[in-house]
Amino acid sequence: MTHTDLQRTLGVCYYPEHWPESQWAEDAARMAALGLTWVRIGEFAWSRLEPQPDRLDFDWLDRAIDTLGKAGLKVVLGTPTAAPPRWMLDRHPDMLAHDREGRPRGFGSRRHYDFAHQGYRRDCARIVDLLARRYGRNPHVAAWQTDNEYACNDTVVSYSPVALAAFRNWLAQRYQSPDALNRAWGNVFWSMDYASFDEVGLPNLTVCEPNPAHVMAFRRFASDMVVEFNRVQADIIRKHSDAPIAHNYMGQITDFDHYAVAADLDIAAWDAYPLGFLSDRLAASADHKRRFVRQGDPDFQAFHHDLYRAVGRGRWWIMEQQPGPVNWAPWNPDPLPGMARLWAWEAFAHGAEAVCYFRWRQAPFAQEQMHAGLLRPDSAPAPAHDEVAQVARELAAMPNQGTAQARVGLVFDYASAWAWETQPQGRDFSYFRLVFETYVALRRLGLSIDILPPDTADLSGYSLVLAPGAATLSDNLLSALGRYAGVSVLGPRTNCKTVEFATPVPLPPNLPGLAATVARVESLPPDVPVPLAGGGQFRAWREKVETGDAVVVATADGWPALIRGQGNLHYLCGWPDADTWLHLLRPLCKAAGLETVTLPDGLRRRDAGGVTFHFNYGAEPVDWNGLHLPPAGVIWTATP
């Protein structure tokens with residue numbers, strides 16, 4: 001996770017095809033004068049690159065790249081496959097993804113394709129090959145982006161006839177025989193045995209709950225289709241270009257395995273919209289959302305920064321940073337003055353190489369005309385424009401800094417998210433939320449965190465490692481935990497399913513060095529917590545665990561709440577609420593040799609390669625530990 005001598009840069013997303021060509025040079029000059037380095041273009045331009053089948057028009061893109069490059073800007077060239085032109089649907093009438101009800105997702109916006117459609121993949125390969133051959137050695141094209149926002153608008157999991165045929169082929173390769181599939185899935189239950197792979201349907205429109213093993217297999221298949229789709233493009237680009245390749249992921253999206261997609265890329269980017277995410281995605285109280293309505297949640301962005309640093313194996317960007325009100329959330333407030341600056345600096349503190357704002361000029365037409373940019377539609381500067389200029393000046397004055405490995409590691413596993421979506425057992429159980437709330441508690445204690453992939457084989461250097469809710473521990477991680485000398489916290493719901501979604505025997509968690517058996521589990525409605533002896537409570541989920549090991553904390557009704565096995569291996573038997581997390585973590589951090597603090601509400605800090613950053617997400621000034629931070633304030637000091 002160490003990344004030294006980090007070069008921080010700023011950028012913007014631009015759509016030359018939206019504006020008169022006579023305006024391009026002026027826009028480019030203004031971008032450069034603002035202090036921007038990168039300009040992403042092209043990711044939605046297929047209809048202008050190929051207005052009719054096999055009738056190509058790349059001349060305008062040649063001129064746009066040349067104009068931007070002559071102004072001193074570096075181009076990120078996006079492949080246009082997220083928005084195929086209308087004629088593509090005439091060529092491939094069956095290319096559309098289908099929703100859970102079996103209805104096709106139609107033309108008229110974007111992402112109207114099924115990842116499994118081989119004919120569309122071939123057309124994607126064709127347009128990417130043309131772009132890569134033409135611009136692969138262009139001195140102004142310094143990076144690439146494949147497609148745009150895989151999974152946006154719920155388009156990974158498709159229930160189309162194309163997906164069904166591809167799924168059956170995938171199953172035949174994975175299981176080799178129907179008998180093997182029947183054994184793996186437990187199809188003897190409810191007489192679900194199949195005599196042929198051609199008998200297997202998709203796990204939707206069943207009378208009641210489909211077999212969870214069937215659902216999990218389908219989720220793995222859907223993820224593999226994204227990996228294959230992306231690999232086709234990355235392999236072609238590499239044949240013709242040495243520039244790094246990225247994809248722009250999103251926030252709180254677990255539909256596919258981002259680690260697997262990133263194995264074919266150089267950079268993990270993500271699109272950060274703090275106010276949209278607070279309104280649209282974050283599970284939080286109404287009071288919390290009111291307090292941070294113009295700032296965004298204090299931890300949501302940081303969590304994804306750390307996640308995508310792990311996905312990108314140290315290299316990550318923000319490809320789209322919110323500059324003002326967006327257009328797609330239930331409510332779209334204007335950011336508190338200073339937040340465009342704070343969001344950028346928080347990304348840099350977590351190791352971002354680039355922060356690119358979306359977009360240069362607000363569009364006066366089509367779906368995103370209510371989405372703010374750095375310029376208004378009339379080209380006058382929008383509020384974030386001057387904040388970006390301030391960040392550019394500060395970057396120029398600040399020496400390059402790297403990132404260092406944190407002392408806390410937190411495992412995040414996409415397959416576990418699929419597992420608990422498949423069979424949550426409690427209506428409000430969410431793997432993402434469980435891991436995120438663990439992260440929030442660690443941040444509230446002033447700690448910096450590294451997100452760890454589920455196949456991590458080396459935990460050395462970490463003082464504390466946590467893996468809540470990891471459904472199936474990999475052999476690599478199990479071996480690493482067996483060698484680990486630090487403090488570890490596993491559970492709840494850790495290692496309680498096989499890869500094929502069966503309950504293993506011996507019963508979970510079945511961990512070396514832990515004499516504990518989960519005898520029974522229960523999910524709890526929000527108004528039925530489980531009190532802990534000495535204060536605090538579990539909510540949503542509790543496990544009744546039989547153990548011969550030391551019970552560090554018990555529930556008020558006498559069951560273990562936190563168990564310590566051999567060494568410093570711990571098992572957590574339920575889902576703590578926010579304050580209980582702090583109560584449980586403080587002594588564990590002390591045992592791990594980690595110093596903790598209690599940060600005021602909305603204040604967060606991050607250690608970053610010899611510099612400590614503090615961020616005030618609050619709408620009021622904060623005075624703490626000799627520091628004064630105004631609303632949306634950022635301060636950095638040398639780490640003692």
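Okay, let's start with helix 14: its buried residues pack against strand 1 (9–13), helix 1 (24–34), helix 13 (339–349), strand 8 (354–357) and strand 24 (634–638). Before I go on, keep in mind that this is a predicted model.

So which residues of helix 14 are the buried ones? They are Ala-384, His-385, Glu-387, Val-388, Ala-389, Val-391, Ala-392, Glu-394 and Leu-395. As for the helix itself, helix 14 covers residues 383–397, 15 residues in total. From first C-alpha to last, helix 14 reaches 23 Å, close to the 21 Å you'd expect at 1.5 Å a residue.

Next up, Arg-309. You'll find Arg-309 in helix 12, which takes in residues 300–311. Is Arg-309 buried or exposed? Buried, because its relative accessibility is 1%, and the cut-off for buried is under 20%. What does its side chain touch, then? The Arg-309 side chain makes a polar contact with the side chain of Asp-306, at 2.5 Å.

Last thing, the pocket. The largest pocket comes out at a volume of about 1300 Å³. There are 44 residues lining that pocket, and the ones closest to its centre are Phe-44, Ser-109, Arg-110, Gln-367 and Glu-368. Which elements give two or more residues to the lining? Those are helix 2 (46–49) and helix 10 (274–280). If you sort the lining by class, you get 18 nonpolar, 12 polar and 14 charged residues.

That's my bit, thanks.

Conventions
Residues are numbered from 1 along each chain as its sequence is written. This is a predicted model: local features need pLDDT of at least 70, side-chain atom pairs count only at pLDDT 80 or more; totals for chains, interfaces and linings use all residues. Side-chain values use heavy atoms; hydrogens and water are left out. On a 1 Å grid over the protein atoms alone, a cavity is a set of points where a 1.4 Å probe fits but cannot get out, and a pocket is an open set with protein on both sides within 12 Å along at least five of seven lines; lining residues have an atom within 4 Å of a point. Grid points are joined across faces, edges and corners, and a volume is the space filled by probe spheres set on the points. Helices (H or I, at least four residues) and strands (E, at least two) are DSSP runs, numbered from the N terminus. Ala, Val, Leu, Ile, Met, Phe, Trp, Tyr, Cys and Pro count as nonpolar, Asp, Glu, Lys and Arg as charged, and the others, Gly among them, as polar. Buried means under 20% relative accessible area, exposed over 50%, partly exposed in between (1.4 Å probe, protein chains only). A polar contact is a pair of N or O atoms within 3.5 Å; within protein, one must be able to donate a hydrogen and the other to accept it, and residues adjacent in sequence count only if both atoms are side-chain atoms. The expected span of a helix is 1.5 Å times one less than its number of residues. Contact means heavy atoms within 4.5 Å.
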